[in-house]
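Hi,

Here is the structure you asked about. Please open it alongside this note; my findings follow below.

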Amino acid sequence: MNVGSWLLWGFVGTVVLTALLNGSQGLGMTRMNAPYLIGTMFTPNRDRAKFIGVVVHFIDGWIFSFLYVAAFQSWGAATWWLGALIGLVHASFVLTAGLPLLPAFHPRMANEQYGPTVVRQLEPPGFLALHYGARTPISIVVAHLVYGAILGGFYVFP
Amino acid sequence: MPSAAKIQDYAAVGDGRSIALISRDGSLDWLCWPRFDSPSLFAGLLDSRVGGAWSIRPTQPAKVERRYLADTNVLETRFGTATGVLVLTDFMPAASEEAKRRMLWPEQELMRHVECDQGEVEVQVDFDPRPDFGRSRAVLRDAGKLGLRLDRGSHLFTLLSDVKVVLGQSGAACRFSLPADSSATFSLSYSSEGPAVLSPPSETFSKKLELTVDWWRRWAARARYSGPYRDQVVRSALALKLLSYAPSGAIVAAATTSLPERVGGDLNWDYRYCWLRDAAMTVRALFGLGYREDAEAFVSWMLHATRLTRPKLRVLYDVHGESPPPETELMHLAGFADSRPVRVGNAAQDQLQLDMYGGLIEAVTYFVSQGGNLDREEQTLLRQCADYARDHWQDPDNGIWEPRDRRECFTLSRVLCWVALDRLLEMHRQGRMQRIPVEQFSGDRERIRRDIQTNCWNETLRCYTQVRGGETLDAALLLLAVFDFEDPSSDRMRQTYQRLQKRLRAGPGLIYRYEQSLEAGEGAFAICCFWVADFLARGGSSLDEAHEFFGQTLSYANDVGLFAEEIDPKTGDAVGNFPQAFTHVGLINAALSLAEREERERARHTEQPVHDRVGVPRQQMAPEVSA
């Protein structure tokens, strides 16, 4: 594995992924604010949560890029479309398993069945994160496709 | 359905970003989220069929009493019915930043809580939001325990309650009985980012009410005012705070658009923006009451906003200092009491109003007199504004009342050009302003003064007139004394006041703004009434007369102490946009002048020197010119 290439393109991919997710919120495609969603696991303070969320999201992005690179290594090939394909699988997992499971381990997230409580007041994502807007799945899929394409397109084998 | 309430039947609750208007019978008929000038979510005020409303009321006829909890903007409405007493509490939660950091807090929230105080009362709730002034179809979705959701792309509105609200053909509704000491709570929240914070209403109500009451009371307690009419002054300060946009410090002129200046007429304007001209009086009111942080935030916003367009200033700005949208008419709305058209945006932004240059510089003068410093760029901005006033003071403009059909050489506009030069020279003399061309500024200042004294004074009528060489009067001429252009006790000002009383008096404590008001069928202009009291208190007449006039004007406040722009002299009804910052600023400044006069008279009787005058910067900056 080319560690330097992994770290560099993992970082670039995460920057673009974050920018796309935040940009789609700014453009009104979705209300989902990923850093806020993640950061509120650690603090109820809105501003601090966003800061912590960005940091954690970056670390996550790097960790996940390792899995992408591991797949490229095992296949012996890295192309933009292979990366995008993994991105599609990744996004599908996030939408169908990752986000819907969030109320189970997010300490401040409400449960659809019982509703909000004093401690758990955050709106759960719902199926395909549709609670955060009808076009949320599109923005998540597009962001992950681009993330994967960057890793697949630019990762250089040792 | 919302009621056909009068303007004075409304009270306001807010959160420093938006305001909701709630009628005496519990109908929330006006709310724009997320900020004052956003499209409405409820606009039943402007059209009861189309605009949308949210009412919570007893099903039986009720005798209504209401009040704000002391020194807060938490509204309490008591409905006395044949079977019991229902108390409705309305507020938008507010808390210190520190408190907000410790708990999840919706981006914006409005809480409504009903409690049965005695007996048993049946309650009807009708929730009928109509986004974008009723232009968009509201698709409410029942998300079970997550409440009723109105999803508008990047905007989510959620209604949570501890009683089941059922979706209907239009909106949602419920009816339930409350026995004594039982209650129901509703929380409407707004979110632009997910995950939204959904506060469980009944569990968080008490804590949020406590925090909100505490927050408002702490703010109100910062008022350093111990003069007469303290309750009304503090209420006005609280109203002004409701109209200030917390993130930027801007203060909007009013919470509404198109409440008519003449009921049934077309004098309907959007006041949900910030007028630069009002700055001087607003800053005087805030500093005068001791709200230094709010005043400084307002001045900072003003200097930021004007930096973008200097040296030419815009007449009005939005809360972030940007240009408001072009004026459009919402023809689908019937308007308040059939007063069409309803307008959004304000075309006055394209007018020439020379008075705002002096207004801006006067506001900064208050800021400097209270210890504020101007950086190099701000000083350059002020010099450029003064240069603009020097170059254009002879031009006809649209003046303080913004007529759309003509420009004239308004006396007040010229006086404020004089103020611009006078205050800069004063700041320079105090060493607070560098690199002023003193000789040119002094020369122009004198030229403007001579022109006003010669050409804006009508020798036949023995008074100042509305325009250069004119014959009509304008209550704004009283500001010649307020801006120290004339001594309030001078013959000229007394004669002008007497002539104003003859031509513009509308009743006890009431005055029209100008002679054209009579033809237009407008009401008496509320701030002009307070200018009269201010003028009298400054020395235009006796203290008793000032008190009498002020007291008479105060009697036109509604039951919770709020004023609109105008007052109908025949009925005493509020007319025009509501609540109106300018009116409350006028009330505060008149009260400050009364307090100063009282102090002066007390000092004269006890032969002690006057000190610690409130809010008059020139005297603080230049003690040698003090009385």
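How many residues of chain B are in contact with chain A, and how many of chain A with chain B? The answer is 22 residues of chain B and 25 residues of chain A. Keep in mind that this is a predicted model.

On the chain B side, two elements give two or more residues each: α1 (97-102) and α2 (201-221). That side divides into nine nonpolar, eight polar and five charged residues.

Confidence in chain A: the mean pLDDT is 93, and 100% of the residues score at least 70. Helix α5 (residues 136-154) of chain A has the highest confidence, at 96. Helix α1 (residues 3-26) of chain A has the lowest, at a mean of 93.

Back to α2 of chain B. T212(B) is found in this helix. T212(B) counts as buried because it has 22 C-beta neighbours inside 10 Å, and the cut-off for buried is 20 or more. Leaving out residues up to four places away in sequence, T212(B) touches V74(B), F91(B), P93(B), A94(B) and A95(B). The C-alpha atom of T212(B) is also 8.1 Å from that of T72(B), although the two are 140 residues apart along the chain.

Next, the cores. The largest nonpolar core has 214 residues. Within this core, V252(B) and A475(B) touch the most other members. Helix α13 (residues 526-540) of chain B gives the most to the core, with 11 residues. Beyond four places in sequence, the contacts of V252(B) are F36(B), L243(B), Y245(B), R272(B), Y273(B), C274(B), V319(B) and A581(B). Another core, of 31 residues, lies apart from the largest one. Its members include A49(A), L95(A), L99(A) and I150(A).

Two helix pairs in chain B are worth a look.

- α6 (residues 355-369) and α8 (residues 411-429) of chain B pack at about 35°, with axes 7 Å apart. Their crossing is left-handed. Among the contact residues are I361(B) and T365(B) from α6(B), and L416(B) and A420(B) from α8(B). By class, the contact has 10 nonpolar, four polar and three charged residues.
- α3 (residues 230-242) and α15 (residues 581-606) of chain B pack at about 145°, with axes 9 Å apart. This crossing is left-handed. The contact residues include V233(B) and L240(B) of α3(B), and A581(B) and I588(B) of α15(B). Nine are nonpolar, three are polar and none is charged. A581(B) is also one of the contacts of V252(B).

Now the backbone. Where are the cis peptide bonds? One runs from G194(B) to P195(B), with omega near 5°. P195(B) sits in the loop between β15 (183-191) and α2 of chain B. Another cis bond joins F578(B) and P579(B), with omega about -20°. P579(B) is in the loop between β28 (574-575) and α15 of chain B.

Two residues other than glycine have positive phi. F133(B) has phi near 55°. F133(B) lies in the loop between β9 (108-128) and β10 (140-142) of chain B. D338(B) has phi of about 60°, and its loop runs between β20 (328-330) and β21 (342-344) of chain B.

Which of these is buried and which exposed? F133(B) is buried because it has 23 C-beta neighbours inside 10 Å. D338(B) is exposed because 11 other C-beta atoms lie within 10 Å.

Best wishes

Technical notes: Residues are numbered from 1 along each chain as its sequence is written. Chains are lettered from A and ligands numbered from 1 in the order in which they are written. This is a predicted model: local features need pLDDT of at least 70, side-chain atom pairs count only at pLDDT 80 or more; totals for chains, interfaces and linings use all residues. Axes are lines fitted to C-alpha atoms, for helices over the stretch in contact, and angles run from 0 to 180 degrees between N-to-C directions. Helices (H or I, at least four residues) and strands (E, at least two) are DSSP runs, numbered from the N terminus. A crossing is left-handed if the near helix is turned anticlockwise from the far one by less than a right angle, and right-handed if clockwise. Two residues are in contact if their C-beta atoms, placed from the backbone, lie within 7 Å. Ala, Val, Leu, Ile, Met, Phe, Trp, Tyr, Cys and Pro count as nonpolar, Asp, Glu, Lys and Arg as charged, and the others, Gly among them, as polar. A nonpolar core is a set of buried Ala, Val, Leu, Ile, Met, Phe, Trp, Tyr and Cys residues joined through C-beta atoms within 7 Å. A residue is buried if 20 or more other C-beta atoms lie within 10 Å of its own, exposed if 12 or fewer, and partly exposed in between; C-beta atoms are placed from the backbone. pLDDT is the predictor's confidence in each residue, from 0 to 100.
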